[in-house]
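Good morning, and thank you for coming.

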Amino acid sequence: MKRLTSPLISWEALLVILLLISIVIGGVLSPYFLSGFNFNALTSNTMEIAIMALPMTLIIIAGEIDLSVGSVLGLASVVLGLLWESGHPMWLAIGVALLVGLVAGCFNGLLVTKLALPSLVVTIGTLALYRGLAFVVLGDQAVSDFPTSFTNLGFGSIPGTEIPWSFLIFAILVVIFGVVLHLSRWGRQIYAMGNNKEAARFSGINVSRVKLMLFMLSGVIAALAGVIFTARLSSARPDNALGYELYVVTVVLLGGVNIFGGRGSLLGVALAIFIVAIVQNVLGLKNISGDIQSLAIGLLLILSVLGPNIARRIQGVIARRRLVAGSSQQM
Amino acid sequence: MATTSKGMERARQRDQVSQARLFRLVNRVRELGLLVVLLLIILFVGIQAPRFLSIDNFEQILLSIAILVIVAVGETLVVLTRNVDLSVGSMVGVIAFVTAYFFKQLPDINLLLGILLGCTLGLVLGMVNGLIVSFGRVPAIVATLGTLYAYRALVFIFAANTTTQVNASDVPAGYLALATTQIFGIPSLILIAAAIAIIVGYFLHASQTGRQLYAVGSNPEAANIIGLRRDWLVFAAFAASGLLCGLAGVLWGARFATVDATDATGLELAVIAAVVVGGVNIFGGSGTILGAVLGAIVLGTLQNALNILNVSQFWLQALYGAAILGAVVLDAFITRWVQRTILSRRKKA
């Protein structure tokens, strides 16, 4: 049993070490790195990704994936902007944007559960569909005349501190998701589904219902991220957050969540979020372009799966050698 | 006791044979269905706008999908093995830019050398994908999502260190002629795409390796047990996809002449849409090159129809998404129907 749990613990320990190393490197490379202002910039830049990574963690642990989150974010952002521009009050615009996210997630979930389609293909389809709809709705325009009270949500920070509002939202959500995943019956069901779907079904878990709810949750949260994104950039454009699914999936996998489901923790994902945020921030501070940043993220994504795979192979070879050595000694 | 179990075994084998036969029939019907859909689109748009029906416009459609077809042929090979290659758009982008830049710097060089460079580069990028997936045991979706961004970043880095854009006036006319020459009145681009589809289609249908690709996709475990080298076949499929992206990239540069670092962004969605609409099973193991080509023709016709009917091109991406979803939903229903039919047959027997 100890054998089974130890790699997971060491993965999180590794992440803590990586996080400390990246903080030290950041501090050495740039004098601005450890300033309160930079903390503000660093966190507010990544909170949309961080928030979307929470439901994605649950979905991947449950053995599925949602690649449409970036497009749902864009669609929600466009809907929000359009409603505000046509004279509706802000609360209504935000409400409808969240509802759009819920419906988009529900559509994903229904296709996956009712028709038993692979979530990978379904969400590649809706990735194109939702982004396409965002373009259909707003064309190549942008809405940018938002009220200050709204953009404060993205720009501003909690009075007297350098902590952005979006970080507060993330902090509240991470606690809720942590409790649900690690302490509730629902969380145990998610792990069970990811480990063995059939066994989970036969032990009385309503697999379809849990999955449907996970996809709806993912949709709403992506829309919420869309609201924050729109407030932060003070701009609703159909290409908002294009390609963000890469970042979200990367932080989840880097956080030690198994791509095939059944294993992972929210702590690991939270650590991974800040590692990625710091890597991006340091590259930014050193004036390294966004393209190299996406090269770094792409490689990080592959390495976060490749690394453990290779480690496991080496472990296997060593274990086999020991076994062979042990048996030959007995002879 | 032994006789009944033997009898059951025989019945099971008979079931499997009839199931395979039924699936083959359904696949034929599905391709026919796609043709019917195509004809319906042509009829509908043709009534609205007669110029849609001209030979000239038909040639335009084929010209617009020629590169898509070449990439989709490679993607089909990968999807047949129960994998997916999301990095195709970035590979085409890298090679289009690098090849165009190569010809800009060395305008007097032999044309074949540039083509060879593009194809080799594509092969290498595809082999990297294949290595990560088949020997690194990283799921194809993760590996190629990673390389989608990594390869795209390579173009940007390359462009940042050389030039932001290669213009039509910078490259030799011989390179551009690769896409514009006409042979027997047919643009060479269409002929190249058709030749690739026929060669690879025949190879898949008739060669041993081709059949092994199907075997790996329809049951990876069984393929391993009967001694197929699964890792090598998957690796080869990714390498072939890269090679075809290399050729597509060379032709992309020749066709559009003006190339920058963002070229072919998002092409993967159109390619996957074509493959899935064409009836190549996303779970691997079934589908044909002919189907994928038909899928590409349907998408190309739809895009052309949007143009002719003056519908905003912003609908295009939503249309690709809807096409992917429509095709997989349809396939799910067909599979269910086939299974139900077999079940009811078994009950009767």
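This is a predicted model: local features need pLDDT of at least 70, side-chain atom pairs count only at pLDDT 80 or more; totals for chains, interfaces and linings use all residues.

Residues are numbered from 1 along each chain as its sequence is written, and chains are lettered from A and ligands numbered from 1 in the order in which they are written.

Chain B contains 13 helices and four strands; these are DSSP runs, helices being H or I of at least four residues and strands E of at least two, numbered from the N terminus. Its radius of gyration, taken over C-alpha atoms, is 22 Å, close to the 20 Å from the globule rule for 349 residues, so chain B is as compact as a globular protein of that length. That rule is 2.2 Å times the number of residues to the power 0.38. The C-alpha trace of chain B spans about 80 × 55 × 35 Å along its principal axes.

Let us turn to chain A. The domain assignment, automatic or from a database, gives domain 1 (14-288) and domain 2 (289-331). Their C-alpha centres lie 29 Å apart. How many residues of domain 1 of chain A are in contact with domain 2 of chain A? Twelve are, and they meet ten residues of domain 2; contact requires C-beta atoms, placed from the backbone, within 7 Å. On the domain 1 side, helix H11 (244-254) and helix H12 (266-285) of chain A each give two or more residues. H11(A) gives the most, with six residues.

Notes
Two residues are in contact if their C-beta atoms, placed from the backbone, lie within 7 Å.
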